[in-house]
Amino acid sequence: MEHIISVLVENKFGVLSRVANLFSGRGYNIEALSVAPTLDPSMSMMTIVTQGDDRIIEQIVKQLNKVIDVIKVVDLNETEFVQRETALIKIHTRQEDRAEALRIADIFRGKVVDSTPTTYTIEITGDVRKVEACINLLQPLGIKELVRTGRVAIAREPVRQAAAQPKRILKEEK
Amino acid sequence: MKLTGAEIFVECLKREGVKTIFGLPGGVVLKIFDILHQQKDVEVILTRHEAGAGHMAEGYAKATGKPGVALVTSGPGMTNVVTPLVDAYMDSVPIVVFTGQVPTHLIGNDAFQEADNVGISRPCTKYNFLVKDVNDLGQIIKEAFYIATTGRPGPVLVDIPKDVAMNKGEFRYPDRVSIRGYNPTYEGNKWQIKQAVEAIHKAQKPIAYVGGGAIFSNAHEELLEFAELTQIPVDMTLMALGAFPGSHPLSLGMMGMHGSYASNMAVHFSDLVIAIGARFDDRVTGKVSEFCPEAKVIHIDIDPTSIRKNVHVDIPIVGDVKTVLRELNAMLKATPNGHSIEQRKPWLNQINEWKAKHPLTYVQPPDALIKPQYVIDRIYQFTKDKDPIVSTDVGQHQMWAAQHFVLNKPHRWLTSGGLGTMGFGMPAALGAQAAFRDKLVLCIAGDGSFQMNMQEMATAVVNKLPVKVFILNNHFHGMVRQWQDLFYEGRYASSYLDTVPDFVKLAEAFNAVGLRATKVGEVDGVIKEALKADKPVIVDIEVDPYENCYPMIPAGGCNHEMERRI
């Protein structure tokens, strides 16, 4: 099963290599990875997409925790979360396809970020299924180049409905 | 106070209480060696090869329980120490290895004797540092020792560029360090320990499975108390020998591939396995899907990744073995349950029956070739009252030593378990001897293993480290030969070593003592003579070249399917 793991790490040289080494050395696979500094520039957040059964994911989380430069590990699959990915898609367009390309981009709320007489570069952001659906539709037109950021993900904040409702009832009673 | 990096280095070692380091100089570490040369608090033992320095640091650490320290140069100096780093990582040995590095402005330029030291060592150290600024050196060395010795111990590498050693900087040595991503758990979860107590009370066929963690945690007293309190028999891994007295009636000796019959049968048929500082290595479990099939498993370990890595665990307890056992013992005492001990009588009887039926034994006819087991037995008989430290290399001799040399105290057994590094034994013995100059240090080696680091005989002689090396000479890579007999129809591909070199002449060439025994009747004599010598000794003992090491569970086999010969 696919898991998205958030890993808060020290923002130091060599940390990415420590994490990557852990995966390659133990035969785990990284399907996607994105890294950038957090609000506190001494730390970075890694978002790792990986595959594995429960036993493997348990080991991955434990092994990540064992890395001294790793500060916190969260398996996002344990909660509700939002994930996004951005792709930049350069499509080769013949004259007759240019309108179709723009229509497809529009359906997926994509933006044209670069244009030449024979190409469009479209930026698309969304969850992985949306990005892939867009790529699939654009493919027949001729994709010249494609880059994807890998996913970023964040846990949804729980809504405290139970606490909010009783108050309202009290007011109505008065 | 402004000091050069080299002076800061030496000052840090003193503050850490380091008395001895093992090393070999080269261009970029000359400044550090120069400063070391001008002081007397830290002794430098010059080795003949950096692998020797690394294994000596390991031997020192295993014998003392304190971190071993090695200092080597950049490039080849560092790459030569990789094997000891991996070895220490596998066996959780606290060593701190300092490597020289080319000056910071040359890093990445493919400079002379440059290697990516932190890159190469990253997968084989617990942590490593590249020091970029001399002002950070004190803090980094403090952190290096802290990381190496706390939690699950392991090797740490500190890479010091030449200019960092030469430049002056502010010397600061913190009293304590805190690393936000590193907080080992020492106290076990109380509720889990309570679960363990209940499981122990209920168990009718319990067994303790003790690993090397019990040694580095110094848990031998707590372990003895636990076993006696509950009357639970104790299986030990290769790494744990000495953690529990081998001559205690509850000891079943070593378990695993070449473990005793009783130890493997007991773990297979038990209904409760209490794993203590062990990691369910494949040489212990055999076929992992059929390891202790009927048993509930309690696993006490400081490293959460060890738990549920290979086998299912019912009651995991993350914590320091000593701390957890203390708590466990206290709880067990608070809930006395004489009844459970009574219930276990049939189990103990069964174990004693296994012990009696298939003891570790051998037959030595007086006029036949010398049996290697006989040699180990004789060495044991002559030295058991002297509380020796015993190191081994890797192979048949190692297994025979583990089977027949009974150890009753921890930190007396130096062997390479996880990595199985041939060439480990002699330098490890020297490391232990450097720590305990007055103790008897024995090295039981094979002719193949010994040749992998025999250059260190020079280190032994020059530094007056009178280790006694016993080579069980079968002219083979014996364990390889045994596997070729069992699994490759006796084709001895590249396992026959012939009679080269002559170890007696070799000893003499190093200005050490060389002795030889070729007949059974000569064994006692050479052992006695070796023990009398105040110099390093090599004893070359011609043993039966076709003796196989039994009992044996073939790799991937099941623990109750032991192959026995006797």
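In the predicted model, Glu58(A) and Lys62(A) are both located in helix α2 (residues 54-66) of chain A, where four residues, about one turn of the helix, separate them. Their side chains meet in a salt bridge with an N to O distance of 2.9 Å. Glu58(A) is partly exposed, at 25% relative accessibility, whereas Lys62(A), with a relative accessible area of 17%, is buried. Glu58(A) also forms a salt bridge with Arg308(B), for which the closest N and O atoms are 3.4 Å apart.

Between chain B and chain A, three salt bridges are counted, together with 13 residue pairs in polar contact (both at pLDDT 80 or more). On the side of chain B that touches chain A, strand β6 (residues 127-130) gives the most, with three residues, and by class this side has eight nonpolar, three polar and eight charged residues. In total, 19 residues of chain B are in contact with 22 residues of chain A. The area buried between the two chains is about 1700 Å², of which carbon and sulfur atoms give 47%; in chain B, Arg122(B), Tyr127(B) and Arg180(B) lose the most area to chain A, together 39% of what that side buries.

Within chain B, Asp303(B) forms a salt bridge with Arg152(B), the closest N and O atoms being 2.7 Å apart. This pair links distant parts of the chain, 151 residues apart, with Asp303(B) in the loop between β13 (296-301) and β14 (315-318) and Arg152(B) in the loop between α7 (137-149) and β7 (156-161). Asp303(B) counts as buried, at 3% relative accessibility.

How values were computed
Residues numbered from 1 in each chain as written. Chains lettered and ligands numbered in written order. Predicted model: local features only at pLDDT ≥ 70, side-chain atom pairs only at ≥ 80, totals over all residues. Heavy atoms only, no water. Contact = heavy atoms within 4.5 Å. Buried area = accessible area lost by both parts, 1.4 Å probe. Salt bridge = Lys/Arg side-chain N within 4 Å of Asp/Glu carboxyl O. Polar contact = N/O pair within 3.5 Å; in protein donor to acceptor, adjacent residues only side chain to side chain. Helix = DSSP H or I, 4+ residues; strand = E, 2+ residues; numbered from the N terminus. Nonpolar A, V, L, I, M, F, W, Y, C, P; charged D, E, K, R; others polar. Buried < 20%, exposed > 50% of the residue type's maximum accessible area, 1.4 Å probe, protein only.
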